[in-house]
Amino acid sequence: MIPEIGYGALIVTLVLAGWGSAAAAIGARQGRAALIESAQHAAVGVFVLVTACFALLVYAFLAFDFSLEYVASNTNLGTPFYYRITGVWGALEGSIILWTWMLALYTLLLILRHRENARDLYPWALSAMLGVIAFFVLVMTVPAPPFARLSPVPADGRGLNPLLEDTGMITHPVALYLGFTGFTVPFAFAIAALATGRLGDAWITLTRRWTIVAWYFLSLGLLIGGWWSYHVLGWGGYWAWDPVENAAFMPWLTGTAFLHSVMIQERRRMLKLWNVALVVLTFALTLFGTFLTRSGVIASVHAFTQGTIGAFFLGFLALVVLVAFTLLAARWDRLKAQGTVDSVISRESAFLLNNVLLVAAAFTVFFGTVFPLLSEAVRGVKVSVGAPFFNQVNVPLFLALVFLMGVGPLIAWRRASMENLTRNFLWPVLTGIAAAAIVWLLGVRSALAALALALTAFVTATVVLDLVRATRARRRMGESLLPALGGLVLRHNRRYGGFLVHLGVLVILVGVTGSHAWSVQTETTLQRGESAELAGYRFRFDGLAGSEESNHFKVSGTFTVTNGTATPIVLRPAKKFYPRDSAPIAYVDYRLGLKEDVYLVLGDFARDGSHATVKAQVNRLVSWIWIGGLVLTLGTLLAILPERRSGR
Amino acid sequence: MRTKRTKFLAGGVVIAAALAYMIYAGVTQSAVYFVTPSELTQAPVAGKAYRLGGMVVKGSLRWEPRTLDLAFAISDGKATVPVRHKGTPPDLFGEERGAVVEGSWTPDGYFKATTILAKHSEEYKAPHDEGQASPKELMKTLKGPGA
């Protein structure tokens, strides 16, 4: 029964979404409130139906209904309870349904928030949202049906990909998709602004929080993905410039650019065209990312299935770009800037440069990712560029961006005088230089690492300087220290939330720098009782043990790790053998630390336990990447707090 | 007015030129050529970075845990290339399976692999193959000394 109910519900959803999208647009054009009302009802119906479909799929997973092909492919009788729920979005069809559900949820929130406060733009935005939903539901009815029937019904399913049986995989797709789908809201409002010709800062003010939330979830998704890669895949890294990581990183870069450029439009009425283009680009890149990962055009660890789905996404992508550019062309005259940049040394310029660099970074990532396709088309040979290319090109761009992160928030608008520059940047620059000197004295000989840390110190100093000055001003008004600081931060929560996010990014930068510059590793085969040494740690191999787990068999090696003073720690890296798979899956064991992580991966082993090959790594400062994620979270929360109106 | 415009224009040109140069240099330095064994044997260039894909030839796999020396041959049915690597073979690696290795051709007549790419596909196929121990069998041998 489930396949029929599910399929039927999807068809109704498709009709409702299509109707709602059309009705909202016609209603807006002809000023017919009844039609807009009807579109709203359709949107609510879409949400209810997609929720029902999603619940139905979850139920099918929990009930082991192997008459559904998707269930049979992604779970089996041994799959633990939690992973049966999260297995729902473990592969393509379920991901699309989760994605659609989030879009429907955002649409509902959009109705609740903006039905009253944005009468002109709202119906068009609603129409755009429902249009996007209609596309995703279409995908579910034709190329990626979650409710496809499997016949004959197998006795047991194939099971979830063991690599996905991890808490990181529960949260990573959810966060990432909330980010991806979140950018649909500012995109929908941009389309609304183009459609109505109201290209002032109304649409930007309305979508400010939406954009921050989408950006945050995308960042979180990327970070959790890195964490998953680090502690599950067992190669010791968290970012590999894999095409799929790049696919999520490109909209993050352009989204970050958009987050900054809107401030210029709000303040100086400039960059109207640029902002619309940026948000269209960001949305298009989220579609492109899905196309890239789901079409199998580029080989990647994530690239799953091949089929017609690639063509669907490419077609929709083309449609979106076409519609957006047609509208842009039609509104060309209204997109002219009212303000101009007065001086090269100004906040406008700093933001402009920030945008240029972010978009340039997105372009290089795009270029590197599709390079194999380009070279095959142009020269007939398949050539790829790997991590060295991305690092080489992007590191200078990112370091320049970090520098601007210090400059942008403090430099004067319009034209910065010499006095403004010395007042704001003398101390931070000196701090940066001092930091470089200190790390040099501490024995750091990597110029790149020293530069990264010096820039970190510089930006941190600008934030501290700003806080100290503003707090001091309040204290002169008679407030004591903590209320002064608290009041300041809450009153200007947007500014200080932004600062906190910047600090989070800096903390991540420290982690990335440390792990790149100072991590060490070795690979060796040890007899039982034999030890190896790495960076002051001794690893002793104490033997192998086998154990039967709920859905796999596990062979773990026991290693005692000592580093002179501390009490020894025991690490048990393992290999997991799943009955359905011919090859085992590595299970990493590690001890995380603020300074360094000890990280062991079991390689080959003798069946009698006499010897085992182990890859040992001492990864420096990696924990700061995850800590930076927490700081980023706090900063985002502060930034989206309701703004306090200045009552006086 | 004119000078301000010139400044911005000059800045843009400088950035674009720097970016173009970085991309160009990055591509030339890190380009990896995808080849099949037959393409490689036709015109091997020593020192050039290749990504070689094919099947691991049955009976060619030699793994020496003490020294971490791994040797095998990759074939596409028409030509066979001997490969050497330092390090544990990845989990999904084995004889008569597809493998992709990255590295370079040496004048000594073998392919020196720096990376063996373990492709984690979401669709696992072969349920069991002969070379791999079944979990049951593994448990039998391990339960004795270990647990």
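Two strands pair if DSSP finds at least two bridges between them. With that in hand, here are the close-ups. This is a predicted model, in which local features need pLDDT of at least 70 and side-chain atom pairs count only at pLDDT 80 or more, while totals for chains, interfaces and linings use all residues. Residues are numbered from 1 along each chain as its sequence is written, and chains are lettered from A and ligands numbered from 1 in the order in which they are written.

**Figure 1. Chain B at a glance.** Chain B has 3 helices and 7 strands; helices (H or I, at least four residues) and strands (E, at least two) are DSSP runs, numbered from the N terminus. Reading from the N terminus, the order is α-β-α-β-β-β-β-β-β-α. Of its 147 residues, 22% count as buried, where buried means 20 or more other C-beta atoms within 10 Å of a residue's own, with C-beta atoms placed from the backbone.

**Figure 2. Strand β5 of chain B and its neighbours.** Strand β5(B), residues 80–86, pairs with strand β4(B), residues 69–75, in the antiparallel sense over 7 bridges. Look for S75(B), whose bridge partner in β5(B) is T80(B). The hairpin of these strands has 4 residues between them, and G77(B) there takes a positive phi near 95 degrees. β5(B) also pairs with strand β7(B), residues 111–117, this time in the parallel sense over 3 bridges. Here V83(B) has F111(B) as its bridge partner in β7(B).

**Figure 3. The two faces of β5 in chain B.** In a regular strand the side chains alternate between the two faces of the sheet. Along β5(B), V81(B), V83(B) and H85(B) point to one face and are buried.

**Figure 4. Helices α2 and α5 of chain A crossing.** The axes of α2(A), residues 33–62, and α5(A), residues 92–114, come within 9 Å and cross at roughly 145 degrees. Axes are lines fitted to C-alpha atoms, for helices over the stretch in contact, and angles run from 0 to 180 degrees between N-to-C directions. The crossing is left-handed, meaning that the near helix is turned anticlockwise from the far one by less than a right angle. Residues making the contact (C-beta atoms, placed from the backbone, within 7 Å) include F47(A) and F54(A) of α2(A) and W101(A) and L108(A) of α5(A). The contact residues divide into 14 nonpolar, 5 polar and no charged. Ala, Val, Leu, Ile, Met, Phe, Trp, Tyr, Cys and Pro count as nonpolar, Asp, Glu, Lys and Arg as charged, and the others, Gly among them, as polar.

Conventions: Contact = placed C-beta atoms within 7 Å. Buried ≥ 20, exposed ≤ 12 C-beta atoms within 10 Å, placed from the backbone.
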